[in-house]
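The entries below are in the order I made them.

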Amino acid sequence: MTNETVGTWVLESPRPSRMQGLEMLAMLVLKDLRVRYKSRFLGYLWAVANPLAFCFVYYIAFHRIMRVQMEHYPLFLLTGLFPWVWASNTITLSAMAYRANPGLVRKVRMRRAILPLSSAVQEMLHFLFAVPILLGTVILAFGIGHATWIVLIPLLALMQLAMLYPIGLAVAAVNVVVHDIEYLVGIGLQMVFCLTPIVYPASAVPAELRPYFRLNPFAPLIAAWRAALVDGRLDMTAVFHCCVFAAAAAVVALSIHRAIEPRIGELV
C-alpha cells in the first residue's frame, strides 16, 4: 500500500482513525501558530490589534462624539469585541476551509470536517493568548481580579467553540456548492454585529424589539463573557441559551455536511 504524507504525518489506512484525525488537527493548528507568531512580539501584537483598534474607534465615535454615557465604556467594548473577533474570524476562515485547501481535500485520507475545526481551534487559541489583556484591563478598572476566572474562561471558551464549529462546518460545506456564500458570510457577520449588544448595552434596545434580539445567539454569548470577565460569575441564563443553540446548530450542520461531503472532492 502506498503511503501518503502531509508534512510529517503519514497515513497508511484508507479510513483514517480518530487518532490520525487528532494528529492532523494538531498539525494544522501548530502550522498556523508558527506562521502567526513567527516574529513573536509582532505576531502577538497582530493577534490583539484588531479588537484594540476597533475599541479605540468605537470609543471615540460613541463615547466622545455621540456622548454615550456608560461607566467603564472601554472595558465594556473590549469584553464584547474580543469574543466577537474570535467568532467573526472563525466563520470567515471556515467558509474557505475546503476551497482554500484542494490538495488536502482531494489527495489526503482525512476526516474533512477537521479543516473547519482547525480554523475554530486556531482562533480560540489566538483569543486565549489575548485574554491577559482583558484581565489586566479589568484589574486596572476595578483594582481586583476574580479567582473564578480559572474555571470560567476555559468553560466559556469551550462553549463558544461548540457554538462556532457547527456554523463553520455548515458554511464550509455549502461554500463548495455555492461559491458566493463566502461573500454572503461577510455581509451577514456585519449585520449580526450591529444586532449584537457589543458597542451598546442590551438595555438600549427598545422593548418592542427585544424579542427579536433574543433570537441572535451571539447576544447571550457576549453577555456570558461580560459576566465572567467583569463580575467573575457564570450567567446561567446566557449559558443555557448558548448551549441550546450549539446543540441545534450541531444537528443542522451535521445534516448539511453529510449531504454535501461525498461531492466535496470533485467540487473544490
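This is a predicted model: local features need pLDDT of at least 70, side-chain atom pairs count only at pLDDT 80 or more; totals for chains, interfaces and linings use all residues.

**Entry 1: A228**

Residues are numbered from 1 along each chain as its sequence is written, and side-chain values use heavy atoms, with hydrogens and water left out.

I placed A228 in helix α9, residues 218-231 (helices are DSSP runs of H or I with at least four residues, strands are E runs of at least two, both numbered from the N terminus). Leaving out residues up to four places away in sequence, I listed W149, L152, L156 and R233 as touching A228 (contact means heavy atoms within 4.5 Å). I also noted the C-alpha to C-alpha distance from A228 to L156, which is 8.5 Å for 72 residues of sequence separation.

**Entry 2: α6 against α9**

I then asked at what angle α6 and α9 cross. The axes of α6 (residues 149-177) and α9 cross at roughly 165° and come within 10 Å (axes are lines fitted to C-alpha atoms, for helices over the stretch in contact, and angles run from 0 to 180 degrees between N-to-C directions). The two helices, α6 and α9, are therefore roughly antiparallel (over 145 degrees; under 35 is roughly parallel, 65 to 115 roughly perpendicular, the rest oblique).

On the α6 side I noted W149, L152, L156 and M163, among others, and these residues meet a set in α9 that includes F218, W225 and A228. The residues of this contact divide into 15 nonpolar, one polar and no charged (Ala, Val, Leu, Ile, Met, Phe, Trp, Tyr, Cys and Pro count as nonpolar, Asp, Glu, Lys and Arg as charged, the others, Gly among them, as polar).

**Entry 3: α6 against α7**

I checked α7 (residues 181-194) next and found its axis 9 Å from that of α6, at an angle of about 140°. α6 and α7 are therefore oblique to each other. V171, V174 and N175 in α6 meet I181, E182 and V185 in α7. I counted four nonpolar residues, one polar and one charged in that contact.

**Entry 4: whole chain**

Last, I recorded ten helices and two strands in the protein chain. Of its 268 residues, 47% count as buried.

Note on methods:
Buried means under 20% relative accessible area, exposed over 50%, partly exposed in between (1.4 Å probe, protein chains only).
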